Amino acid sequence: MTIADGPMDGSATAAAGAAAASARRARRQTIGGLLPIVAWQTLFFAVPMGILFVYSFWTMKDYRLDTTVTLANYVRIFTNPIYLKGFLLSLQVALFVTVVCGVLAFPVAYFIAKKAGRWRVLLLIMVILPFWVSLIMRAFAWRLLLGERGVINQGLELTGLIDAPFSFLLYSPTAIVIGLIYAYLPLYVLPLYASIDKVRDSWIAAAQDLNATPMRAFWEVTFPLAFPGLMVGAVFCFIFGLGEYVVPALLGGGKSLVIAQVIRMEFELRQNWPGGAAISMVLMAFIIALLALTLRWIRPEVAR
Amino acid sequence: MRLHTRRDVLRHAGSAAMFAAIASQVDFTRPAFANDKKLTGPINVLAWTGYDDPELIKGFKELTGVDVNVKEAQSNSDQLSLIRAGTTKFDIVNPDAVWTTKFAQSGLTLPLDPADIPSLGEMFAPFRDLSDIQYDGKMYGAPTRFGMNGIVHDLDKLSAADAADANVLWDAKLKDRISIVNWAELYILMTALWQGNPKPETVVGPELEATIARLVEVKPNLRAIHDDLGSVKSDLINGDAWVVWGASSDNVARVAREAGKNVALTLPKQKGVMWMETLQIVHGTEHLASAMAYINYMTSAKALSIMAWGKEQFAVTNAGVSKYLTAEQYKLLDLDKIDEWFANSIMGKAPDDEKAWADAWEQFKAA
C-alpha cells in the first residue's frame with residue numbers, strides 16, 4: 001500500500017460503509033414493506049391451512065376428534081368414486097367457464113383498451129361494478145330474472161315469442177353457466193385490459209406498414225403481447241370455478257354434486273371435519289401445482 | 001379446642017351482612033324460576049330463527065331480570081359446530097330432537113330433570129314421550145316447536161286426491177316440478193317409510209340400497225334441492241315448483257297461502273313424518289339457573305303462543321297456547337289438525353347408522 005493510497009482507501013471505506021448502510025436501509029424497508037402482507041398471509045392463510053392440514057390426519061369418533069394420526073381420510077378420497085365424480089364435474093365446469101370467459105373477455109378488454117377513448121374509465125368501472133355486491137345477492141337476483149315468472153320469461157311471453165315459459169333457464173346447467181360467466185368475466189377482463197393497454201398502437205401500425213393484414217397484426221403482435229393477461233385471467237377463472245359453491249347451489253338447484261358441495265357435506269352432514277379438511281388439502285394441492293405449472297409457463301412468455 | 005377466634009366471628013358477620021344486602025335485592029314475589037338459585041346473566045342462546053322476537057326477550061327480562069342474547073343458527077350442524085368451537089359461551093342451544101344424541105354424546109349438553117320443567121305436562125300428547133329427547137336414559141331437551149312433513153301442492157296443478165298417494169311424486173307429470181331441501185335424514189326416512197318399513201330409522205344394507213335406488217328415481221322430477229327453506233317457499237309461490245316435498249311442509253303451506261297461493265298440505269296414506277325442536281342447556285354454562293329459567297319460560301304456553309304467532313309461524317308443542325291465541329290464529333297455525341296429523345304420521349328419529357345414511361345421501365346427490 002502507498003501513502004497516496006491512504007486517503008483513497010479512506011474514501012473507499014466510507015463509500016463502502018455508506019453503500020452497506022444504504023443496503024441495510026433498503027433491506028429494512030423491504031422487510032418493513034413486506035411485513036403487513038406476510039403477517040396477513042400467515043394469520044389468515046398459513047395458520048388456518050396449517051390447522052386444516054393437521055386436522056386432515058385425524059378422525060372423528062362419536063362426534064369427537066380422535067387425534068390418532070392416520071392416512072384414512074386421504075385413502076378414502078382416492079378410493080371413493082363419488083369424490084372423483086364431484087372433482088371431475090368441478091373441473092369440467094371450471095374449464096368450460098374459463099374458455100367461454102376468455103372468448104368473451106378478449107373483445108371487451110380490447111374495446112376498452114383500444115377503442116373506448118374517453119369512456120375507458122367509465123367502462124372499467126362498469127366492469128368492476130358487480131363486485132360491489134355480494135355474489136350471493138347477485139345469484140338471487142339472477143333467480144328473479146331466470147325464473148318461470150322471471151323478467152326474461154315474462155318479457156318473451158309478453159312479446160309473443162313464446163307461449164309457455166322456459167323452465168330450463170333456472171335450476172339447470174344453463175343457469176350455472178350464465179351465473180358463472182357473469183361472476184367471473186370481470187376477473188378475466190381486468191388483467192386482459194392491462195396487457196392489451198400496454199401494446200403500443202405504433203407496434204401494430206409498424207406491422208401493418210410491413211404489409212401485415214389487420215388479422216395478421218393481431219395474431220402476431222397484439223395477441224402474443226396480451227397472452228400473459230389472458231393466462232392470468234384464465235388462472236383466476238379456473239381456480240374460482242373449481243371451488244365454486246354458490247352458483248351451482250343457488251342457480252343450478254343443488255342437483256349436481258360439485259367438489260365444494262362434497263366438502264360441505266363432510267363438514268355439515270357427516271360432521272367429519274378431518275374428512276372435509278383432507279379433501280380441501282387435496283384440492284388446494286391440485287390448485288397450487290396447477291398454478292406453479294402455469295407460472296413456469298407464463299414467466300418465459302412475459303420475458304419474451 | 002378453640003372454636004372461633006374474634007377474627008372468624010367478624011368474618012362471618014361480614015359475610016352475613018353481604019348476604020343480607022344481596023338478598024334484599026332479590027324480588028321473592030317473582031315466580032318459581034328463581035327458586036333458591038340466583039339468576040345471573042346475560043344468557044347467550046343459539047337458536048333457529050324466531051327466538052329473537054323482541055316480545056319474547058322482553059317477557060323473560062321482565063320475569064327474571066336477566067337479559068337474553070340470541071344468535072340465529074342456520075342449521076343443526078351449525079349449532080353443533082359453534083358450540084364445539086366454543087368461541088362464544090352459549091348457555092342454551094336449540095337443536096332438533098333427532099340431534100339430541102349427537103350433542104349429548106359429544107358432551108356438549110347437560111341432562112335435565114323432567115320434574116324441573118312443569119310445562120312438560122301441558123304438551124300435546126306425542127311430545128310427552130321423552131324417548132325422542134333422551135340419551136343414555138336421561139332427558140336432554142325440552143320440546144318447543146314442531147312441524148309436519150308431507151306433500152304441499154299447488155291445487156291448480158295437483159289435486160288432494162292425487163297427493164294422497166305418495167307415489168305421485170314419482171309420476172312423470174311432475175317432471176322438474178318438485179322442490180325439496182337438503183335434509184338427508186328426512187328424505188331417506190320418508191322413502192323408507194313409504195317402502196313399507198315401519199321403523200324406517202333402522203334401515204341399513206340392502207333395504208337402504210333399495211331406498212336410495214327409489215330416491216334416485218325421483219330425481220328427474222326434482223326442480224331443486226335447496227339449502228334453505230326460503231328458496232323452497234319462493235319456488236312454490238313463484239310457480240317454479242308445483243310441489244314441495246317435506247321441508248317442514250305445514251310452514252311452507254302456511255307461508256304460500258299467505259302469499260295468495262292456492263295450496264294444500266296433504267299427508268299421503270303412506271304417512272307423514274314430524275320433526276320437533278328442543279331447547280337444551282350447554283355443558284359448562286355459568287348461568288345454569290337462568291338457563292333453566294329460560295327453558296321454563298320458553299316452554300310455557302304464553303311464550304310459545306307469542307312464538308307461534310311471531311314472524312316464522314311454526315306450530316308449537318304446548319297445548320295450552322289455545323288460551324292465548326284466537327280461534328282463527330289457532331286454525332291458521334293448523335293446531336286444530338293436530339289429532340289428524342298425529343294419527344297419520346310418525347315422529348322422525350335419528351338413523352341407527354348415520355354414516356351409512358350420509359353415504360347413501362351422497363350417492364343420491366351424485367347420481
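**Entry 1: secondary structure of chain B**

I started by counting elements: chain B has 14 helices and 14 strands. Helices (H or I, at least four residues) and strands (E, at least two) are DSSP runs, numbered from the N terminus. Residues are numbered from 1 along each chain as its sequence is written, while chains are lettered from A and ligands numbered from 1 in the order in which they are written. This is a predicted model, where local features need pLDDT of at least 70, side-chain atom pairs count only at pLDDT 80 or more, and totals for chains, interfaces and linings use all residues.

I also looked up the overall dimensions, and the C-alpha atoms of chain B fill a box of roughly 90 × 45 × 35 Å along the principal axes. Of the 367 residues of chain B, 48% are buried. Here buried means 20 or more other C-beta atoms within 10 Å of the residue's own, exposed means 12 or fewer, and partly exposed lies in between, with C-beta atoms placed from the backbone.

**Entry 2: confidence**

Next I checked pLDDT, the predictor's confidence in each residue, from 0 to 100. Its mean over chain B is 88, and 90% of the residues of chain B reach 70 or more. For the model I noted ipTM 0.81 and pTM 0.83.

Where does pLDDT stay under 50 in chain B? I found that stretch at residues 1-36, for which the model has nine contacts beyond four places in sequence. A contact means that the C-beta atoms of two residues, placed from the backbone, lie within 7 Å.

**Entry 3: the five-stranded sheet**

I then traced an open sheet of five strands in chain B, ordered E9-E8-E10-E7-E11, with mixed pairing. Strands pair if DSSP finds at least two bridges between them. The edges are E9 and strand E11 (263-266) of chain B, each of which pairs on one side only. On average, neighbouring strands of this sheet are turned by 20° against each other, direction ignored.

Strand E8 (residues 178-181) of chain B pairs with E9(B) in the parallel sense over four bridges. In this part of the sheet, I found B:Ile178 opposite B:Leu222 in E9(B).

Two helices go with the sheet. H9(B) packs on it, touching E7, E10 and E11 of chain B, and its direction makes about 165° with that of E11(B). Helix H8 (residues 229-238) of chain B lies across E7, E8, E9, E10 and E11 of chain B and runs at about 170° to E8(B). The axes are lines fitted to C-alpha atoms, for helices over the stretch in contact, with angles from 0 to 180 degrees between N-to-C directions.

I picked out B:Val255, which sits in helix H9 (residues 249-258) of chain B. B:Val255 is buried because 21 other C-beta atoms lie within 10 Å. B:Ile237 is 18 residues away from B:Val255 in sequence and 8.8 Å away in space, C-alpha to C-alpha.

**Entry 4: a covered helix**

Helix H11 (residues 301-308) of chain B is mostly covered, with six of its eight residues buried. Which residues of H11(B) are buried? They are B:Ala303, B:Leu304, B:Ser305, B:Ile306, B:Met307 and B:Ala308. Their cover includes helix H2 (54-64), strand E6 (142-149), helix H10 (288-298) and strand E13 (315-316) of chain B. Leaving out residues up to four places away in sequence, the residues that B:Ala308 touches include B:Phe314, B:Val316 and B:Leu333.

Most residues other than glycine have a negative phi, and most peptide bonds are trans. I looked for exceptions. The peptide bond from B:Gly41 to B:Pro42 is cis, with omega near 0°, and B:Pro42 is in the loop between helix H1 (6-25) and strand E1 (43-47) of chain B.

B:Asp176 has a positive phi of about 65° and lies in the loop between helix H5 (160-163) and E8 of chain B. B:Ala247 has a positive phi near 60° and is in the loop between E10 and H9 of chain B. Buried or exposed, what is B:Ala247? B:Ala247 is buried, because 25 other C-beta atoms lie within 10 Å. B:Asp176 has 17 such atoms within 10 Å, so it is partly exposed.

**Entry 5: where chain B meets chain A**

Last, I looked at the interface, where 24 residues of chain B are in contact with 22 residues of chain A. The largest share of the chain B side, six residues, comes from H14(B).
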